[in-house]
Amino acid sequence: MNRCRGISTLTTALVMIVSIIISLVTLSIIMLSMQYIMNFTNIKISTIKKLINTRITFIYGEYNKTNKNFYIVMENQGPTINSISEIKISFGGLGSYDIYVFSSMPCTQCKCWNVIEVDNPNGIWDHGETLIIYLYNCTALEPPYSIDIVHPMVGKFTFSFGEKPWNIQ
Amino acid sequence: MMIVIVSFVVLVILSIYSFSTLIITMSNELNNLIKDLPQVKILNATISIDISTNTTMINCSLINYGQRSVIFSYSNTKLYVIYRDTNNVTRIKIMKYGEDWYISSIKINGIEYNLSKNIIYEISPGMEFIIYISINDVFKSNTPVTLILSIRGVRIEYTTSV
């Protein structure tokens, strides 16, 4: 009788220890998962904050029939971009997309771009400065037009334009 | 067995509480981010042309519908005016705050107060204000004019009806 009671007590003690271990392990897993989610969320929030504070704003874009080029007005609301010519630009219309190269002597035959700094012409795109980008393209493009601006300091920005009535001449 | 069940129930409650706290924190953070951005709307614009001086004047009524004040200064505010000139060529004018355009008056309780030119102004939430724009060009009549106001990179667009 006493032996049976001893075994029962031992079993209960074992079950208790095992359940405590299982609970602790589960709790640790859940806590670790929560910690991971918290970290992930904080990273996401900081990314959103960075995106909001570091950005290029598209103001206006249109095709100039007289000069046979597109001009796009943009504002830099992020950090100062030290060399404007290092910006990588891809541009295209409906169904076509090309990489454009920077050229200080652009012509309508090339797929190249040039720029006018509105506020301070020094080759640096300052914070808050407006830039007019001229894109030279001899092939006909169908709207909506799309432009990709890539620079290591600000990342990649994509804008579309050319769908509004005031863009159609 | 009871211990295991109780532990699991406690864990589930803890998880739900932590998860909901996390969602609320995230939502509050995002709301604060959105509230921090300037929320200004252009209500209307009236255009008048003085042919003798070759000048176009625009009086534009705006409202700060956000929950935070919006600061208007030379460094963080720009205005772009897109119009057709008398030769039907589309032009874009980049207007500088304090020089080409400025806040001419504010409305408090329906009463309009005139303001001085070339000063940094902080527009409170819900406040209506009027900006005065002067352009050294004549617009083509019966063509829409687009005003794009950029405050800290937030783009506010308004096109006049023909």
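1. The partners are Lys78(B) and Asp119(A), whose closest N and O atoms are 2.6 Å apart. Please keep in mind that this is a predicted model, in which local features need pLDDT of at least 70 and side-chain atom pairs count only at pLDDT 80 or more, while totals for chains, interfaces and linings use all residues. Residues are numbered from 1 along each chain as its sequence is written, chains are lettered from A in the order in which they are written, and side-chain values use heavy atoms, with hydrogens and water left out.

2. Nine residue pairs are in polar contact between chain B and chain A, both residues at pLDDT 80 or more. A polar contact here is a pair of N or O atoms within 3.5 Å; within protein, one must be able to donate a hydrogen and the other to accept it, and residues adjacent in sequence count only if both atoms are side-chain atoms. On the side of chain B that touches chain A, α1(B) gives the largest share, 14 residues. Helices (H or I, at least four residues) and strands (E, at least two) are DSSP runs, numbered from the N terminus. By class, that side of chain B has 18 nonpolar, eight polar and seven charged residues; Ala, Val, Leu, Ile, Met, Phe, Trp, Tyr, Cys and Pro count as nonpolar, Asp, Glu, Lys and Arg as charged, and the others, Gly among them, as polar.

3. Now the area. Chain B and chain A bury about 2,900 Å² between them, with 69% of it on carbon and sulfur atoms; buried area is the accessible area (1.4 Å probe) that two parts lose on being put together, summed over both. Leu11(B), Leu22(B) and Leu33(B) supply 17% of what chain B buries against chain A, more than any other three residues.

4. Over all chains, the structure holds 19 aromatic pairs. Rings of Phe, Tyr and Trp (its six-membered ring) pair if their centres lie within 6.5 Å; planes under 30 degrees apart count as stacked, over 60 as edge-to-face and the rest as tilted. Tyr63(A) and Phe70(A) are a tilted pair, because their planes stand at 55 degrees, with the ring centres 4.7 Å apart. Phe70(A) is buried at 3% relative accessible area, whereas Tyr63(A) is partly exposed at 28%; buried means under 20%, exposed over 50% and partly exposed in between (1.4 Å probe, protein chains only).

5. In chain B, have a look at Tyr83(B) and Phe139(B), a stacked pair at 4.2 Å centre to centre and 20 degrees between the planes. Tyr83(B) sits in strand β4 and Phe139(B) in the loop between β9 (128-135) and β10, 56 residues apart. Tyr83(B) is buried at 1% relative accessibility, and Phe139(B) is buried at 4%. The loop between β9 and β10 of chain B also holds Thr143(B), whose side chain reaches the backbone oxygen of Lys140(B) at 2.6 Å.

6. Arg68(B) and Asp36(B) meet at 2.2 Å, N to O, joining the loop between β2 (55-64) and β3 (70-72) to helix α1 of chain B across 32 residues. In chain A, Lys156(A) pairs with Asp148(A) at 3.6 Å; Lys156(A) is exposed at 56%, but Asp148(A) is buried at 8%.

Definitions and conventions:
Salt bridge = Lys/Arg side-chain N within 4 Å of Asp/Glu carboxyl O.
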